[in-house]
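Hi everyone, and thanks for coming. Let me put today's structure up on the screen, and then we'll walk through it together.

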Amino acid sequence: MDTEAVAKELRETHRKVFGQDATGAFSAPGRVNLIGEHTDYAGGFVMPAAIDFATVCTVSPREDDRYEVYSANFDEHAAFTRDTLPAKSRQSWSDYPFGVLHVLREEGMEIPGFSMSILGDVPLGAGLSSSASIEVATELALLSLAAKTLPGPEMALLAQRAENSYVGVNTGIMDQFIACCGKRDNALLLDCRSLESKLAPIPPNIDLIICNTMVKHAHAGGEYNTRRAEVEQATAVLSSHRPEIKLLRDATPEDLEQWGHEMPLNVLKRARHIITDSLRAQAAAAALDRGDLRELGKLMGEAHASFRDDFEASCKEADLMVELANKQPGLVGARITGGGFGGCTVNLVEDQHAEAFAGAVAQGYEQQTGIKPDVFRCHASDGAQRVG
Ligand code: GLA
């Protein structure tokens, strides 16, 4: 997205809709995760990159105590006053801005009445983290009204709290963190317990290609929370033997060999995915550091198989998309990305092969499924910022 151009357009919309000039415009990106899936809430490692799809949000303070939000994507309004702001989700797109507002108010921030307009191009329900991008863009806007700035990791934690306690999806920290702290041309290796992160530069001759299966996922109340509960069940079994295991991040493959038989098979498999994928994320960052793309690709392939067979959170369309990718020249690695149960695959591809790759995978997918996929050539991008 050209955020400058979109912000300009949205400022005009804002003026038309609210009869006021916006006092600020802010953007926050979606993300793609290269490796380390569902490991974030287990305190493990992930390696996401922010992408050049984003949500832009404009804001202006009001004289009254109304909180008015307009979605240019849905052409819909939502409004509350200081006293009528609901304390939890109403299953609406406006849960995201209002959830963030609710959390900032819980933090004791004085947010005056405001008018806000939102416009984004992160595909919805595609596993590219449209939710975190809207949370973080609106958070920046609300912070500007309260004349506050916060470090990226703190902003991420507050946005995650909005998602967990207000929207009601028990996500980890990955999406909000990368939406706040992404760096152009880089993925980040993030330790989801300490929130320490390290740049993982994507080689300039490698393209980031995202293939959307067009199979939508919906996390709210669904399989995502079930997986998280299974992971917690596994943690409880292991920590009954080794109390220092607070999160699966602390467990080793050997722990699982020793005590895995005490778990139902599905729980054992979920744990095996988490423990090995967190290790793979670290190994992948090391491989990128050494420029060992062959190893990186191998790890991505193993990660996909683990997500499919042990975590059982892929879908046949994503498996097909990865199979098609694996046959193409120039592929470094391919796997499903994000929360799972649909959504997108991420593909690292040598740039001279990128165009042919995109065409061949799209064509093969359409032939076999009858579904025309969206294929995006993306760039690793910066995190949230004020625009203009
Ligand atoms: C969703 C969640 C993240 C993470 C991923 C899976 O995107 O928001 O916290 O758990 O799924 O890796």
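A charge is placed at NZ of Lys, CZ of Arg, CG of Asp or CD of Glu. Counted that way, the chain carries 37 positive and 55 negative side chains, and the centres of the two sets are 1 Å apart.

Some ground rules, please. This is a predicted model, where local features need pLDDT of at least 70 and side-chain atom pairs count only at pLDDT 80 or more, though totals for chains, interfaces and linings use all residues. Residues are numbered from 1 along each chain as its sequence is written, and side-chain values use heavy atoms, without hydrogens and water.

Now the overall picture. The chain has eleven helices and 13 strands; these are DSSP runs, H or I of at least four residues for helices and E of at least two for strands, numbered from the N terminus. Its C-alpha atoms fill a box of roughly 60 × 50 × 40 Å along the principal axes. Of the 388 residues, 59% are buried, meaning under 20% relative accessible area with a 1.4 Å probe, protein chains only. Take contacts, that is, heavy atoms within 4.5 Å: among those between residues at least 6 apart in sequence, 71% join residues at least 24 apart.

How many disulfides are there? A disulfide here is a pair of cysteine sulfur atoms within 2.5 Å, and by that rule the count is zero. Cysteine 57, for instance, is in none, as the nearest cysteine sulfur, in cysteine 180, is 13 Å away. Cysteine 57 counts as buried because its relative accessibility is 0%.

Last stop: alanine 362, in helix α11, which covers residues 354-369. Is alanine 362 buried or exposed? Its relative accessible area is 19%, so it is buried. Leaving aside residues up to four places away in sequence, alanine 362 touches Pro373 and Val375. Alanine 187, by comparison, is 175 residues from alanine 362 in sequence and 25 Å away in space, C-alpha to C-alpha.

That's my tour, thank you!

Definitions and conventions:
Buried < 20%, exposed > 50% of the residue type's maximum accessible area, 1.4 Å probe, protein only. Lys, Arg positive; Asp, Glu negative; His and termini not counted.
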